[in-house]
Amino acid sequence: MSKTRLQPRTVMADENGNIYDAPQLLMVCRRGGQWGLPRPDEMLPLPPESKLFLLPGRRAAGLDPQSGRVTCLPESAVAAFVAPGHTLSAHPAYKSDANAPPLPLFAYGAVGFADGRFYVCARRVDTDPRQQFQDIPPARIEQNVRRLLRAYPGNRLISHILNNCVLRYACPAARNFALGRYEAPLPTQRACNARCAGCISAQAANSPVATTPQCRLSFSPTAPEIVEVMRLHEQRETRHPVYSFGQGCEGDPLMDADLLAESIRTFRDGGGRGTINCNTNASRPEAVIRLAQAGLTSLRVSLNSARDSLYHGYYRPVDYNFDDVRRSMREAREHGIFVSLNLLFFPGITDTEDELAALARLVGENGVNMVQWRNLNIDPEWHFTMTADAAQPSPCMGLAAFMKRLKKLCPWLRYGYFNPWLGEKAAITAPIPGQWGMPSEVTDAASGSHGVTV
Ligand code: SF4
């Protein structure tokens, strides 16, 4: 007996923020410039610890199954901000008012209602529970914060992570530090040599983005302060400690390679165990080599696309280009560093033939071992309009198919969402740069021929 196809209904909100469904209309979602019904394989019950957002100045839309026409409603559109560990495969479909304000820097997922519950267009890409806090009483976190602040009165970095990141922003990485588990954040840098359109810690004065979700660090910690944070975390996370430079509340950590190299070397020389990771725009290959020699374990490279035009259009690099980023990856691989991509996935732009060809080449030729499937936190309409010039219109295949086809081209690739614990020195499966050749059936978008037959 065939399973009846799930047919979620449109979700909307009234002016008081009450959210309800429109039983007469089918949910419609958006991928880039395309509107359509959600694919059966992309509907996920809304995960715990997700949030629903009312979208100001945007009218909800749905498909009338009788007429087959899309109808816009006077009520507001609603989106889902999905819990960590999940990647969105489609944005909500809505009609924006002429004077609709830009949406803040969050990721907006298409959400519908069926069988008494909310469904979101998303995929769980990591089962690691590190950013699940529903079973931890907030009082326990606060208690730890107070105790650690008393124990380390002179450490400005501990004070920043606890007072600012935990108590002000409830940052998941900072809360884990307070709890002494999983991955500890090591923010160090105020400057950055990129000007990302969706930077969550600093925006240009003329940016349409009103406010950033985070404020940047206001000081530069010293190596002893950083090492003290690492040692404290090592004492409490005794199984699989991970320490990560490059957090949402800072610029790019490679701007001060001296500080990072000294901190890493001091920690390692003192017998420091665990995975030391650096989240970065990877703009400085020389700095990457120095961190590798100091004892770094893994490098996570943030990017919105493997296509030069889209990368430059979003990152707006100041003193580097995408070739520098590629070289950083190769240097890292050649120095035994586990390279991950922090891929800022955007439905309708990422899951396309052109991106698949470019990404497979980037991964294969530069020693990439893992893709972390993240969501680009940005106003979908604004970003699509901004990118449309740089991106040739290309049919999109959906997140699931894109992940499957990339894996087929690069079978060693690991998938996830979080920085994995790898011990001090990772076992690397990615080919050494220069030892991998693009499968003949893959044509590179740059060479003008489109389509990947896999
Ligand atoms: S690389 Fe990071 S800190 Fe720099 S502009 Fe981009 S998002 Fe902001």
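Okay, some ground rules. The model is predicted, local features need pLDDT of at least 70, side-chain atom pairs count only at pLDDT 80 or more, and totals for chains, interfaces and linings use all residues. Residues are numbered from 1 along each chain as its sequence is written, and side-chain values use heavy atoms, with hydrogens and water left out.

Let's start at the ligand. Which residues are around it? They are Cys192, Ala194, Cys196, Cys199, Arg216, Glu250, Gly251 and Asn281. Being near here means having a heavy atom within 4 Å of the molecule. That shell splits into 4 nonpolar, 2 polar and 2 charged residues. For the sorting, Ala, Val, Leu, Ile, Met, Phe, Trp, Tyr, Cys and Pro count as nonpolar, Asp, Glu, Lys and Arg as charged, and the others, Gly among them, as polar.

Next, the inside. I'll say "buried" a lot: that's under 20% relative accessible area, while exposed is over 50% and partly exposed is in between, using a 1.4 Å probe and protein chains only. A nonpolar core is a set of buried Ala, Val, Leu, Ile, Met, Phe, Trp, Tyr and Cys residues joined through side-chain atoms within 4.5 Å. In soluble globular proteins, nonpolar side chains tend to be buried together. Here the largest core has 97 residues, and Val301, Met329, Leu341, Leu359, Trp373, Leu406 and Cys410 have the most contacts inside it. Apart from that one lies another core, of 11 residues, including Ala80 and Val120. Touching, or contact, means heavy atoms within 4.5 Å.

Now two helices. Helices (H or I, at least four residues) and strands (E, at least two) are DSSP runs, numbered from the N terminus. Why do I call helix α6, residues 285–294, largely enclosed by the rest of the structure? Because 7 of its 10 residues are buried. Those are Pro285, Ala287, Val288, Ile289, Leu291, Ala292 and Ala294. They pack against α5 (257–269), β15 (275–280), β16 and α8 (322–334). Just after α6, glycine 295 has a positive phi of about 130°.

That brings us to α8. Its 13 residues reach 19 Å from first C-alpha to last, close to the 18 Å expected at 1.5 Å a residue; the expected span is 1.5 Å times one less than the number of residues. Buried in α8 we find Phe322, Val325, Arg326, Ser328, Met329, Glu331, Ala332 and Arg333. Their cover includes α6, β16, α7 (308–315), β17 (338–345) and α9 (353–365). At the start of α8, a side-chain oxygen of asparagine 321 comes within 2.9 Å of the backbone nitrogen of aspartate 323. After the helix comes glycine 336, with a positive phi near 75°.

On to the strands. Serine 302 sits in β16 (residues 298–303) and is buried, at 15% relative accessible area. What does the side chain of serine 302 join through a polar contact? The side chain of asparagine 342, at 2.8 Å. A polar contact is a pair of N or O atoms within 3.5 Å; within protein, one must be able to donate a hydrogen and the other to accept it, and residues adjacent in sequence count only if both atoms are side-chain atoms. Over in β17 is serine 340, buried at 2%. Beyond its neighbours within four places in sequence, serine 340 contacts Leu299, Arg300, Val301, Met370 and Gln372.

Most residues other than glycine have a negative phi. Yet glutamate 49, not a glycine, has a positive phi of about 70°. Glutamate 49 is in the loop between β5 (43–45) and β6 (51–64) and is partly exposed, at 34%. Alanine 282 also has a positive phi, near 55°. It lies in the loop between β15 and α6 and counts as buried, at 0%.

Last pair. Is histidine 160 buried or exposed? Buried, with 9% relative accessible area, in helix α2 (residues 156–166). Glutamine 235, in α4 (residues 223–236), is exposed at 54%. That's my tour, thanks!
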